[in-house]
Amino acid sequence: MTNGMSFTAIFFFVAIVGLTLVITWWASKRTSSASDFYTAGGGLTGWQNGLAIAGDYLSAASFLGIAGAVALFGFDGFFFSIGYLVAYLVVLYIVAEPLRNLGKFTLADMITARFDSSKVRGTAALSTITIVLFYMIAQLVGAGALIQLLLGIDYWIAVLIVGVMMTTYVLFGGMTATSWVQIIKACLLMLGTVIISFLVLKEFGFSITSMFKEMGTATDSGAAYLNPGLKYTNGIDTISMLIALVLGTAGLPHILMRFFTVKDAKTARSSVIWATWIVGIFYILTIFLGFGAAYFVGKEDIIAANAAGNMAAPLLAEALGGDILFSFVCAVAFATILAVVAGLVLSGASALSHDIYGQIIKKGKITEKEQVLAARIGSITIAIISILLALGAQTLNVAFLVSLAFCIAGSANLPVIIYTIYWKRFNTAGAVTAMLTGLISALVLVAVSPNIWNPVEGKAIFVGEPLIMLTNPAIISVPLGFLGGFIGTLLSKESDAKKYREVEVKANTGISVQDVSH
Amino acid sequence: MANNQTNKAVVIDYDAIAHQESFKSLVRKKNSFLWSITVIFLAAYMLLPILTSYTTILHQKAFGEITWVWVYSAGLFIMTWSLCHLYVAKANNFDKEAKAIIEEYENGGGRR
């Protein structure tokens, strides 16, 4: 399968690249203001934005990673699907509408709607950029390995191809191009997943019970495959990981940014509904992808292709649908990676160019033209930094960086978002301490965790005993983020009830949304 | 909802709105709805890893070879979709109230 590319594979790859470039060219003519660049002018409809959110969310880690995890670990892999889905309720119930009503381009805009301070803005931008870089390194390293495997080209060329493509979309087409690439990719990904799932079900005579019956004996784990415990044996660690999954989404910058691409809170609401249905159906289908791969490809071949199981879905496509389906699925995986990293570049650039350069350094005194130029320079900067980091991280096992990104998002961003909207006494000092405690505690706890330290050489980045046994520190760092914000608030006398009333009115009625946004 | 705000030069007196009884009642209703549902779904969700890590209740077979852990998970999916639609239904009502609050403010002689 990896001895060079077939004609069909080349056809699908070229078609995807061509299609996305046409979209970028079309979008470039509609991208003239900063608002066009960062938020597609706030002009997406509910279903469009919903598909784009789903697109942002169904990263390669979801598609390739969860399919592989279910294939190798049965139910334990499915934990991710559950956590990622329920997370949408947190987004919908707590964050989406107030965020739309208060913010403009970035998370920092939303918090500074209450606390007009460059310290707050700078800290929010720092946490955004940290999350974006970690998430991006994980995606780029994964992408490099995948494309290397699929096309038989060198890792560094693969990373450069992805890097150049993502920069092209963002640079010329801004949020409009990125959104439409997401929308199309989400549709293609769903199509591919539905086709494979259909083929898997067909093999089992369209009976879910007989599929489970077969799976109970199909793997070397026997009946244990259908129950939790194959991978996650430490209860606290499992709980901690699930906390990160469910709370992290509501703090991920590239997801939060998606609520500024619609015109009002009502549209933000309807886009979450669209996204939840699409993502939910997709996650149900990960059962078929995973089970199918375990049954028709087999554990050994999956691990032989990629130790983390990332090739499970493409190999399953090949086993059931031959070269055409294999090529299609690989091309879709490629599109998935491109779309997600483009969205990440854009949210990183918004923090760098809008928050740090435009609002802190230039104090908001910046023309429309300068803003767009700054946004483009910021995008190139973020892209170059992440490409360099990804090139350096080739041999490291960076899969844990995605869950680290979720952990930071839940620990540093979510507490400050909740306090800003719902807590009257909250103040500037509290906002800064909430973000810093969450960010620093997540980073430090991961730095001393088994992801980084392992006594056996080659198992982790450094050789040695980890200080804590948690692979995901959310169970400690999320409460610390909330606590940090609480203590920071009480230590400072500052309290502006009048400003809070304004925020409360805006968040709940959307009254000034047009003054704030466009 | 901001359709009424055609003139951008208008200064909105947020304090006046915040002190309207109708606004206070909306915020109270909204927050108690949002947070009570949030507590419920987070509890239902967190119960899953707690049950799977510390008990074997969900390891028992429910239908054929399908164990209860899958049934519980399916329940969480159904819960997610149902609560999404419950939210929309509630939020549409809140929208109407918010609109009435803005109208009340505009007619009730907010300082402008």
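Predicted model: local features only at pLDDT ≥ 70, side-chain atom pairs only at ≥ 80, totals over all residues.
**View 1. Chain A as a whole.** Chain A has 20 helices and 2 strands. Its C-alpha atoms fill a box of roughly 65 × 50 × 40 Å, taken along the principal axes. How does the radius of gyration compare with that of a compact globule? For 518 residues, a compact globule would have a value near 24 Å; chain A has 22 Å, which agrees. Of the 518 residues of chain A, 63% count as buried. Now take the contacts in chain A with a separation of 6 or more. Residues 24 or more positions apart account for 81% of them.

**View 2. Helix 5 of chain A, from end to end.** Helix 5 covers residues 75-102 of chain A, 28 residues in total. From first C-alpha to last, helix 5 reaches 40 Å, close to the 40 Å expected at 1.5 Å a residue. Where does helix 5 kink? The kink lies at Val95(A) and is about 50°. Is helix 5 of chain A enclosed or open? A residue is buried if 20 or more other C-beta atoms lie within 10 Å of its own. By that test, 28 of the 28 residues of helix 5 are buried, so this helix is largely enclosed by the rest of the structure.

**View 3. The contact between chains A and B.** The contact takes 46 residues from chain B and 43 residues from chain A. On the chain B side, these elements give two or more residues: helix 1 (14-18), helix 2 (21-54), strand 2 (66-67) and helix 3 (68-107). Which element of chain B gives the largest share? Helix 2 of chain B does, with 16 residues. By class, the side of chain B that touches chain A has 32 nonpolar, 9 polar and 5 charged residues.

**View 4. Confidence along chain B.** The mean pLDDT of chain B is 86, and 88% of its residues reach 70 or more. Among the elements of chain B, helix 2 has the highest mean pLDDT, 95. Strand 1 (residues 61-63) of chain B has the lowest, 87. Over residues 1-8 of chain B, pLDDT stays under 50. For residues 1-8 of chain B, the model has 19 contacts beyond four places in sequence. The model scores ipTM 0.91 and pTM 0.90.

**View 5. Two loop residues of chain A with positive phi.** Most residues other than glycine have a negative phi. Phe206(A) is not a glycine, yet its phi is positive, about 55°. Phe206(A) lies in the loop between helix 8 (155-203) and helix 9 (208-218) of chain A. With 10 C-beta neighbours inside 10 Å, Phe206(A) counts as exposed. Lys363(A) is not a glycine either, and its phi is positive at about 50°. Lys363(A) sits in the loop between helix 14 (312-361) and helix 15 (368-392) of chain A. Is Lys363(A) buried or exposed? Lys363(A) is exposed, with 9 other C-beta atoms within 10 Å.

**View 6. Ala460(A) and its surroundings.** Ala460(A) lies in the loop between strand 1 (453-454) and strand 2 (462-463) of chain A. With 19 C-beta neighbours inside 10 Å, Ala460(A) counts as partly exposed. Which residues is Ala460(A) in contact with, leaving aside its neighbours within four places in sequence? They are Pro450(A), Asn451(A), Ile452(A), Trp453(A) and Asn454(A). Asn397(A) is 63 residues from Ala460(A) in sequence. In space, Asn397(A) and Ala460(A) are 7.1 Å apart, C-alpha to C-alpha.

Terms used
Residues numbered from 1 in each chain as written. Chains lettered and ligands numbered in written order. Helix = DSSP H or I, 4+ residues; strand = E, 2+ residues; numbered from the N terminus. Rg over C-alpha atoms; globule rule 2.2 N^0.38 Å. Buried ≥ 20, exposed ≤ 12 C-beta atoms within 10 Å, placed from the backbone. Contact = placed C-beta atoms within 7 Å. Nonpolar A, V, L, I, M, F, W, Y, C, P; charged D, E, K, R; others polar. Expected span 1.5 Å × (residues − 1). Bend = angle between axes of the 7 residues up to and from the residue. pLDDT = per-residue confidence, 0-100.
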